[in-house]
Amino acid sequence: MMLQIWLVQALVVFLTTQCIGELVDTCGVISPESPVIQHGSNFTAFCVLNEKCMSIYEVNASHIIWKANRVLIPKEQYTIINTTTSSVTFTNTSLTNVQLICNILAFGQIEMNIYGVRMRTGFPPEKPKNLTCIVNEGKRMMCQWDPGRETHLETNFTVKSEWATEKFEDCKAKPETPTSCIVEYSPVYFVNIEVWVEAQNALGKVASDHINFDPVDKVKPNPPRNLSVSNSEELSSILKLTWINPSIMNVMRLKYDIHYKTKDASTWSQIPPEDTATTRTSFTVQDLKPFTEYVFRIRCMKGDGKGFWSDWSEDARGVTYEARPSKAPSFWYKIPSHTQGSRSVQLIWKTLPPSEANGKILDYEVTLTRWKSRSQNYTVNDTNLTVNLTNDRYIATLAARNLVGKSDASVLTIPACDFQATHPITDLKAYPKDNMLWVEWTPPGKAVRKYILEWCVLSDKSPCIPDWQQESGIVRRTYLRGELLGSKCYLITVTPVYSDGPGSPESTKAYLKQAPPSKGPTVRTKKVGKNEAVLQWDQLPVDVQNGFIRNYTIFYRTIIGNETAVNVDSSHTEYTLTSLNSDTLYMVRMTAYTDEGGKDGPEFTFTTPKFAQGEIEAIVVPVCLAFLLTTLLGVLFCFNKRDLIKKHIWPNVPDPSKSHIAQWSPHTPPRHNFNSKDQIYSDGNFTDVSVVEIEANDKKPFPEDLKSLDLFKKEKISTEGHSSGIGGSSCMSSSRPSISSGDENESAQNTSSTVQYSTVVHSGYRHQVPSVQVFSRSESTQPLLDSEERPEDLQLVDNVDSGDGILPQQQYFKQNCHQPKTSPDISHFERSKQVSSSNEEDFLRLKQQQISDPISQSCGAEQMKMFQGVSTTDVFGSETEAPAERLETAGMEAAVDEGMPKSYLPQTVRQGGYVPQ
Amino acid sequence: MRAPSMRAQRTRRPLLSLALGLLLLSPAAEAAVAMRRCSSSYTQLLGQLRSLAHLMKDTSCLLEPYIRLQGLDTPVLRGFCTECSGAFPSEDALAALSRLAFLQTVSATLDGVLQRLAVLQQKCLKAKDLPEFHVARKNIQGVRNNIYCMSELLTNGSETPEAPLPGTEAPLRPSAQDTFQAKVEGCQLLCGYHRFMGSVEQVFEKWGDSPSRNRRHSPRRALHKGARRARPSRRVKKPVPRGQLSR
């Protein structure tokens with residue numbers, strides 16, 4: 001049983017193994033398996049098919065296809081070697097990493113992968129160059145080299161080293177550091193060793209040049225340690241350095257490189273190499289400044305100069321011992337207050353810089369000596385001393401004292417009160433250079449002991465707190481040694497000091513470094529005109545100027561227009577913009593410029609007016625004046641021509657009460673002496689007016705007419721004194737409204753129902769003697785003033801007088817009735833003739849027709865009046881000879897008064913009188 | 001059929017000659033290559049030998065670390081240590097040798113020191129690794145390398161080799177079975193080594209600046225007490241390059 005189980009298991013294992021073997025079997029292989037090709041060379045790969053596969057898949061070498069990185073290789077690169085082998089050839093291979101696959105077309109059509117290889121391309125290693133080795137003390141030797149070009153292949157670098165009698169272990173460079181290697185053994189000094197590098201990859205192996213050296217000549221020692229500095233009380237100019245040499249000192253001689261500098265210096269000074277060329281553990285540095293802190297550092301190397309310098313040691317510091325102050329302090333004075341007989345003087349001085357103090361200044365010794373008096377001595381720890389002095393001249397001296405001794409004394413003459421300072425310096429200039437503010441001047445002609453330079457920051461916010469410095473009398477140019485700030489305006493004063501006292505000071509302003517203003521000027525308008533605007537601004541405060549304001553630029557524009565820039569000199573505070581458009585909004589801003597740039601101020605807007613100042617007045621006033629003048633002239637003219645005007649537009653209405661009819665009327669009392677006009681008439685001009693005949697068919701009872709006449713008379717009496725009489729209300733209007741508007745309808749009815757004729761026989765109008773009697777018919781509905789306004793009518797009448805017969809009447813019609821020029825005239829004329837020979841009813845119809853005719857309406861009345869006049873004359877010409885004679889008389893009388901109208905027929909003459917309508 | 005055979009014979013002869021030649025010339029070629037790695041400057045070589053001898057005579061390089069490591073840093077024990085091994089040739093004996101004999105004697109003596117150091121390290125230091133031992137061994141090898149180079153240089157200068165001083169190896173063999181005694185013997189060995197190197201330095205200091213001068217350093221050969229005076233007939237055994245120095 002067990003045997004059976006074992007056999008079954010064995011069979012299963014066998015079959016499985018066979019199956020796997022079948023599966024694992026490949027149909028072919030590519031040769032070479034892992035090709036590495038030199039870049040640019042030719043390469044041929046072979047694919048050899050398995051016989052078994054060839055029979056299974058019915059393929060041979062001709063069915064092989066090649067692919068590189070899954071891209072079909074052109075068949076031109078294929079070569080059929082035999083039935084089982086096909087090759088592919090790559091020329092000038094440049095691809096770096098290619099997957100090459102051999103495929104077959106099974107059964108002539110199914111593509112199957114047979115085998116694949118990875119093809120690498122690269123370069124053989126170049127010969128390593130510049131091989132150098134260094135032996136860091138206490139460490140192992142490290143060699144470096146230049147590997148040459150990139151090979152694109154895994155390249156190993158091996159450092160090989162040998163003695164003449166021994167070979168050392170190879171040093172294989174790590175992939176991450178293929179250009180250096182640290183050997184595993186400790187170097188043996190004083191034994192020459194030969195070293196070289198071998199570079200190797202799949203395409204080749206190459207060795208560098210061999211270098212042969214003694215490792216001790218390649219040593220980089222450790223730096224000297226424990227460097228210390230000590231000074232000497234005897235000599236303030238030396239410092240002694242001591243250190244511990246590196247242990248390599250036991251192997252070789254050393255030389256040193258010692259550097260030193262003062263504490264604040266940036267550059268190092270070097271001890272001469274020849275002084276430090278031997279192995280030592282100390283060195284004394286000389287010619288140093290007293291009481292000055294120095295910094296030292298040291299390094300070493302093999303004494304013969306072979307090998308490498310060690311790293312620098314750590315810095316060591318030391319201070320030289322003190323010495324007597326080498327210079328006298330700067331010394332100056334101020335007089336804060338001055339009273340009668342005495343003055344308070346503040347003596348001020350500067351602390352000596354360390355380079356001159358040569359130690360710690362313990363105190364200052366001040367002496368004050370008045371002329372022929374004992375000296376007063378003061379010992380001061382501070383840098384100022386305030387003393388009360390008389391107004392006399394004093395000599396002050398100052399000396400600084402340190403541990404070792406006193407400085408020379410500074411001497412200062414404090415002149416008497418009545419001293420007059422003279423001899424100022426000239427050509428004082430201040431300018432920045434190399435980040436310092438330099439001051440330059442021309443010395444005065446007198447010998448100067450020293451110069452005092454004072455400066456302070458000009459500010460609107462803080463007072464000027466001066467700083468100062470002293471320069472010797474031979475100095476012509478110096479820089480301010482204070483802590484100056486950029487963008488601050490400094491007021492610099494230079495005072496020459498003579499043996500007898502200070503000279504006159506000179507001042508100037510300067511900036512250490514200018515900057516654009518921190519604020520721009522604020523512009524405003526001083527005056528805005530139609531085409532110009534006067535801009536005004538204030539000078540920038542000195543705190544925001546940040547430099548000298550060189551100029552201003554004014555930018556202005558309209559909303560849609562381009563911006564215009566105008567440069568203005570910095571001394572100006574006003575500028576007038578011209579050529580502006582009227583009634584336009586302008587935006588203006590201003591930029592102030594220093595040497596370093598500008599800063600815009602806020603934008604300001606203004607609008608130009610539509611009219612210039614006074615322009616309205618210039619228009620209105622002349623117009624008004626012209627109007628007034630015209631009016632005045634018109635009034636004057638009217639006044640001068642009032643008679644003429646009155647004649648034309650406001651004819652003198654005959655006062656019926658003054659007419660002869662009125663006089664004649666039994667109801668009317670004589671009024672010649674009552675009315676002023678009557679007086680005119682009574683001058684004898686208006687001697688006789690006769691109303692010859694009035695015929696009317698008025699059916700109104702007579703007594704009513706008389707009543708109305710009485711009322712009218714009364715009205716006239718009440719309006720006595722008005723030259724206009726009845727028609728005084730208007731020259732153009734009818735007189736009727738002035739009588740009674742309530743009677744109008746009634747009067748019209750009366751008129752319409754009654755044709756009233758009056759024959760006014762007068763003696764002519766205005767010295768004109770009518771030749772023909774004029775009979776006028778008065779209608780109550782048409783004011784006769786229409787005819788009175790037209791002097792032509794009168795002229796026509798005059799023309800009639802001249803014997804032209806009927807023709808002037810026709811002309812008259814033509815002048816006043818333009819529209820119906822031909823036939824209407826004729827028809828009117830003929831019709832008027834018919835009317836003249838027909839009865840009154842016919843005439844009324846004609847009148848109604850004229851009213852209904854809008855074109856001829858205006859002239860209808862004229863026609864009618866004239867027609868009435870002519871027809872009446874024609875009709876009554878023969879029958880009124882006697883009255884005509886009286887009319888001639890009356891016309892002559894009427895002609896005396898030129899202002900009288902030729903006719904006025906507002907009355908209806910009835911039997912025994914007339915009734916005004 | 002003869003022709004091909006003849007051609008084969010003709011081609012085989014040069015190849016054989018070349019192979020034999022290479023075989024015979026191989027030591028000479030190797031020696032030439034080895035010499036190429038030596039400094040060709042006598043002065044430099046002499047300076048290196050002096051410097052090495054100076055370096056190696058310093059007890060702080062080996063003896064002192066050994067004393068501290070072995071716990072022998074007491075005055076009494078230091079007294080034992082300062083009784084240096086007398087197995088090393090004295091300075092006078094060395095000075096009496098010719099240059100080549102001197103070089104050979106030094107080389108042979110240092111070879112013995114190397115062996116003793118190996119035994120000493122194995123016996124006394126055991127697992128402790130004293131870096132100075134490693135440095136000392138490398139220095140000794142370096143001296144032997146330079147001696148080889150100097151010998152080659154002097155040989156080429158036709159200086160006649162002389163037999164080295166015999167009997168230097170026997171006293172250097174470790175003999176003590178007791179551990180403390182072994183330590184003390186080791187201490188004395190190192191002391192003798194440093195003193196020997198001081199003697200070597202002194203001898204080298206007396207060497208002139210020219211390699212061509214053939215002189216004996218001192219006529220007083222008999223002054224050498226610790227070493228048997230012998231004059232072997234064989235030549236100075238040259239150091240074999242590439243670590244094949246005789247041991």
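I count two strands as paired if DSSP finds at least two bridges between them. Helices (H or I, at least four residues) and strands (E, at least two) are DSSP runs, numbered from the N terminus.

The model is predicted: local features need pLDDT of at least 70, side-chain atom pairs count only at pLDDT 80 or more, and totals for chains, interfaces and linings use all residues. Residues are numbered from 1 along each chain as its sequence is written, chains are lettered from A and ligands numbered from 1 in the order in which they are written, and side-chain values use heavy atoms, without hydrogens and water.

**Entry 1: β27(A) and its partners**

I began with β27 of chain A, residues 342–349. Seven bridges tie it, antiparallel, to β30(A), residues 384–390. There, Ser342(A) faces Thr390(A). I also found seven antiparallel bridges from β27(A) to β26(A), residues 331–339. In that pairing Trp332(A) lies opposite Ile348(A). β26(A) and β27(A) make a hairpin with two residues between them. Gly341(A), in the turn, has a positive phi of about 90°.

**Entry 2: two open sheets in chain A**

I traced a five-stranded open sheet, β2-β9-β8-β4-β5, with mixed pairing. Its edges are β2 (36–38) and β5 (71–72), each pairing on one side only. β4(A), residues 64–68, meets β5(A) antiparallel through two bridges. Lys67(A) has Leu72(A) as its bridge partner.

I then traced a four-stranded open sheet, β14-β11-β10-β18, also of mixed pairing. β14 (180–182) and β18 (219–220) each have a single partner strand, so one side of each lacks a neighbour in the sheet. β10(A), residues 129–136, runs parallel to β18(A) over two bridges. Asn136(A) is bridged to Lys220(A).

What does Tyr193(B) touch? Its contacts (heavy atoms within 4.5 Å) include Met56(B), Phe88(B), Leu110(B) and Ile140(B), leaving aside residues up to four places away in sequence.

Notes:
Buried means under 20% relative accessible area, exposed over 50%, partly exposed in between (1.4 Å probe, protein chains only).
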